[in-house]
Amino acid sequence: MTAIPITRTQLRLGGDPRRIITKPFVPGGEPFPEGDTRVERILARILAMPEAVVSATLNATYEAFQFRHLNLTQVLEDSFANVARYVSSPDELGVERRRLIGAYFTQEYAVEAAALSNPSIVPSPRQDGASDTTLRFIMSLRAIGEGHVSSIQFRSGCIDRQGQVMVDAVTPFVTTARHRPPVYDKPTFRAKLEEMHSLSDAAALILDPLEERFTMGDLEAVIRDTEAHPLASEPDIRRITRTMHWLASSNYESTFDVETAISERVLFPAGPTESQGMEDARFVRFVYEDGRVTYFATYTAFDGFQILPQLIETKDFVSFRISTLNGRAAANKGIALFPRKIDGHFVALGRIDNENNHVMRSDNVRFWFESRTLQSPTQPWELTQLGNCGSPLETEAGWLVITHGVGPLRGYAIGAILLDLQDPTRVIGRLKEPLLSPLPDERDGYVPNVVYSCGALVSNGLLVLPYGCSDVAARIATLRVDDLLRALTAP
């Protein structure tokens, strides 16, 4: 096969330890012999401070940290609220002491100190300032910080007709979202409990009093009401209430201040399923039959023990809905949605068995039961396993799918396949050789010998392919779509 001309741009996005967020700091550990906890001992020492010391310490804290965060005062107030229950009369505290308490129970976290990698890219919902020949985009990236905890960051930029890719400058600040539980749909909630083998008489005791649409507050109120029930002391109902609270906490909504720049927003783990990371978001611009547009992303949630695919939904990259994915086909890493329905169904790619590419169909974007094997490893560079590199791209020739394969010494390379437009379970073209392999200066990193992408886009006949290099940085390559299609359809 004749080599496909590929241009690697000079852009290289790497981690910056100066980009930091704040997060609660609540020390744990066993109670001391006297019965009090570390939190209570720290609070006692702060409460014993003279007013002059409180004022001086708070002023010094502001002087050291206020230029590192967009709204330090709100951060301190929120952190105080996290521990206010340990204070006997929190409403009687002065403003300065309250904020100083917040400061002692806050920590900074460098979200991308270890790496910035595994990007996906979509057209921006706002094309402000773009000409007819320029496309504005939003790129998501996997940011990795201390303890290998992953979060989702964003960059913005534009692509011109000549294929020049420009990424907007980032500000010094990073901020997390405000979270709130959504309104839950009882049939969906019940279906997820059934899938988790947690639908029982004990579960019905809690579910039955709930309305068809309920909130976290409604659920907690019903759980409190069951404490007087004769079954309340049974181990099964205690397990069920923990499971229900876990499930509800794993579905939430995140909203950023609309005035923040896109590069200042980071989706940081907030639910129990993702407590140790949100990995490899695959964003796609999804268009419904009636022309409505929303952006979906699947990502891998990791709680330190197991992985779980989850779904992000947004229209504006300001407010995000996070929800669990359900069904036996919603397993393993790397689910990628097609950008529209096919024959009235949602369609996705996935690697259910951790080895082959599969096609999945569903009537509900959050429930996946039906799947069919699409592609299995055949070439030396993909014999260990293969998967997708993001959502399929629609072309006149078919669905263009960028893939990845794992070969000797667990080296990752990027390939491509072409699927029939009407029947995406039919492969009509496949590259025998990798489209992209690591260059010598891309081989070293947190995970060596890897090039990997979570999503590309087409602009003015160019395939714009952002990719991660060995889990340490991200680059962008471009190539002509026609060149790739010609290689895929060659006899």
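User: Which residue numbering and which confidence limits apply here?
Analyst: Residues are numbered from 1 along each chain as its sequence is written. Because the model is predicted, local features need pLDDT of at least 70, and side-chain atom pairs count only at pLDDT 80 or more.

User: How many disulfides are there?
Analyst: A disulfide is a pair of cysteine sulfur atoms within 2.5 Å. Cys-469 is in no disulfide, since the nearest cysteine sulfur, that of Cys-389, is 12 Å away. By this rule the count of disulfides is zero.

User: Is Cys-469 buried or exposed?
Analyst: Buried means under 20% relative accessible area, exposed over 50%, and partly exposed in between, with a 1.4 Å probe and protein chains only. The relative accessibility of Cys-469 is 0%, and therefore Cys-469 counts as buried.

User: Which residue of β16 is the bridge partner of Thr-314?
Analyst: Strands (E, at least two residues) are DSSP runs numbered from the N terminus, and two of them pair if DSSP finds at least two bridges between them. Strand β15 (residues 307–314) pairs with β16 in the antiparallel sense over five bridges, and the two form a hairpin with four residues between them. In β16, the bridge partner of Thr-314 is Phe-320.

User: At what angle do helices α3 and α4 pack?
Analyst: Axes are lines fitted to C-alpha atoms, for helices over the stretch in contact, and angles run from 0 to 180 degrees between N-to-C directions. Helix α3 (residues 72–83) and helix α4 (residues 95–104) have their axes 7 Å apart, and they pack at an angle of about 80 degrees.

Note on methods: Heavy atoms only, no water.
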